[in-house]
Amino acid sequence: MPVAHGLAFDVAHMLAGGMVTVSFMLLFQDRLFALIQFIALHALVLTLALGWQAWLQDAEHLYAAAALALVFKATLIPWVLHRLVRRLRIERAVETVVGAGMTMLFGICLVGLAVVVMLPLAAKSPLMWEDLSFALAVVMLGLLIMITRRNAVGQIIGFLSVDNGMMLAAAGAHGMPFLIDLSIAFSALVALIVFGIFLSHIFKHFDSVDVHTLDRFRGDQP
Amino acid sequence: MAIIQYLLLQGFQMLLVLAVAPLLIGIVRRVKARLLRRIGPSVFQPYRDLIRLARKDVVVAHNASWLFLVTPYIVFAAIWVAAALVPTYALGLIFSWSADIIVIVGLLALARFFQALAGLDVGTAFGGIGTSREMMIASLAEPAMLMIVFTLSLLAQSTQLSSIAHYMMTVQVGLRVSCGLALMGLVMVAIAENGRVPVDNPATHLELTMVHEAMILEYSGRHLALIELASALKLTLYLSMLVCVFVPWGMALTDAGPLALLVGVVLYPAKIAAGGAALALLEVTVAKMRVFRVVDFLNFALMLGLLAALLLFVSRSI
């Protein structure tokens, strides 16, 4: 029989599970604007999860991390991406490598893998096991998003969700120094700038953001 | 004496679902019309339609076999039994031991099987298209449904709806992500199975993408009335199931007094009406998807079921 546990645990569990679900929604989406909206939702759920953990652990630095996630990940990055997509006029690009059904199946397998890999932790600290397996699942789903997209914007979204998964892992682990949270958040920002430049460049050269054009490129005229 | 009382309570439930079903369709149509800034027909219009259809003569194609004639009765009977088994206003009715979700899925599959055969029987193009699509949707919806059923039964340690509802009402379940996923998956399956908007449009005969309406195109008169009533009952069944599992509060427990029963009887139509209004809101906000997209839609429901079971496994061991 499942044991009745406290509300504190239930909410943390629901928020982490919610992140996994939103990751699946990201996997399922093939429209760019929908992807961008869902990554904002992903970051919003992350913000809530961080805020809840901050309140539970009474850790001020996690409040700061939640604020960073809200400002940068849930607002600024989606806004910049949205503008970029509109500026490059690639709103209607719909590209996935394998079909949605196959991707879903892979995704489920990855979540199972994440749970099993973290199993040794279960005996020591079930709560930690649960937190880390969810975070690992989010990270792996993000990687899956990256490899199933041809579109550079889709890959950026995958990267951002990997990043969100790392933040979730950092929040669950007690006593993680704030420096690490901060550096993860900062790396996302740097990545955004790099990606932005990368995107505009490949679009300028190839008139498309399909990264497969890069494979054929031999250094001469495209 | 007690047995008569139990039988009466069960009989009342059978009549209750039958009485509520057309009203539910009426409410959904009315709310949809109001949301589209039309006045819309009265909520009692489906009853009038059914009475009018029942009075009309039946027109049967020359090459129709006996299967075509018995199908409406089989479909209606199977779905009525299934709908009457789902706990509506009280738990632990006399037949609740048989209200197993898998039995209900089986009864619905039986009805669908005969309806599909009848759709093919006359040999018209529309019947064939509708049937093949219905079977495609069914073959995807059923695994998703069963996966959700397994999740719920893992949680409540039973596949009987009455016990699941009892578990949800009495044990402190708390906020569980698995329940949320199962709810979402069940809603998606219900939409697909009932042919509601993102999957199929119940309001039109003029679309090449129609599924359910294409299958029953050859029916008329009292046969059509029975099939329409059966599909209304099916929608009621799914809503009752959602209400019974996820919002069971207010239902009378086993051997409750008359007051609790009265509360249950009053609350049940209110919950169903709220569900119908929510369905109408959903239907006006989303666009119908292409038939080929239905595969992805139902795969997502299956995925939600799998994920719910997986997350349940994680949270159970704590």
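**Entry 1, H9 and H10 of chain B.** I began with the residues that touch: B:Thr236, B:Leu239, B:Ser240, B:Leu242 and B:Val243 in H9(B) meet B:Lys271, B:Ile272 and B:Gly275 in H10(B). I sorted the residues of this contact by class and got 4 nonpolar, 3 polar and 1 charged. A reminder to myself: this is a predicted model. Next I looked up where the two helices run, and found H9 at residues 221-246 and H10 at residues 258-285 of chain B. Their axes come within 10 Å and cross at roughly 110°. An angle of 65 to 115 degrees counts as roughly perpendicular, so H9(B) and H10(B) are roughly perpendicular to each other.

I stayed with H10(B) and turned to H1, which covers residues 2-35 of chain B. At what angle do the axes of H1(B) and H10(B) cross? I read roughly 40°, with the axes coming within 8 Å. That makes this pair oblique, and H1(B) passes H10(B) in a right-handed crossing. On the H1(B) side I noted B:Val20, B:Leu24, B:Ile27, B:Val28, B:Val31, B:Lys32 and B:Leu35. They meet a set of H10(B) residues, including B:Pro269, B:Ala273, B:Gly276, B:Ala280 and B:Val284. The contact of H1(B) with H10(B) divides into 14 nonpolar, 1 polar and 2 charged residues.

Among the H5(B) residues in the contact are B:Ile137, B:Ala141, B:Met145 and B:Leu152; from H7(B) I listed B:Ala182, B:Gly185, B:Val189 and B:Glu193, among others. By class I have 11 nonpolar, 3 polar and 1 charged.

H2(A) takes up residues 32-57, 26 residues in total. From first C-alpha to last, H2(A) reaches 37 Å, close to the expected 38 Å. Just after H2(A), I found A:Asp58 with a positive phi of about 55°.

Chain B has a mean pLDDT of 88, and 96% of its residues reach 70 or more. For the model I wrote down ipTM 0.72 and pTM 0.84.

Terms used. Residues are numbered from 1 along each chain as its sequence is written. Chains are lettered from A and ligands numbered from 1 in the order in which they are written. This is a predicted model: local features need pLDDT of at least 70, side-chain atom pairs count only at pLDDT 80 or more; totals for chains, interfaces and linings use all residues. Axes are lines fitted to C-alpha atoms, for helices over the stretch in contact, and angles run from 0 to 180 degrees between N-to-C directions. Helices (H or I, at least four residues) and strands (E, at least two) are DSSP runs, numbered from the N terminus. Angles under 35 degrees count as roughly parallel, over 145 as roughly antiparallel, 65 to 115 as roughly perpendicular and the rest as oblique. Two residues are in contact if their C-beta atoms, placed from the backbone, lie within 7 Å. Ala, Val, Leu, Ile, Met, Phe, Trp, Tyr, Cys and Pro count as nonpolar, Asp, Glu, Lys and Arg as charged, and the others, Gly among them, as polar. A crossing is left-handed if the near helix is turned anticlockwise from the far one by less than a right angle, and right-handed if clockwise. The expected span of a helix is 1.5 Å times one less than its number of residues. pLDDT is the predictor's confidence in each residue, from 0 to 100.
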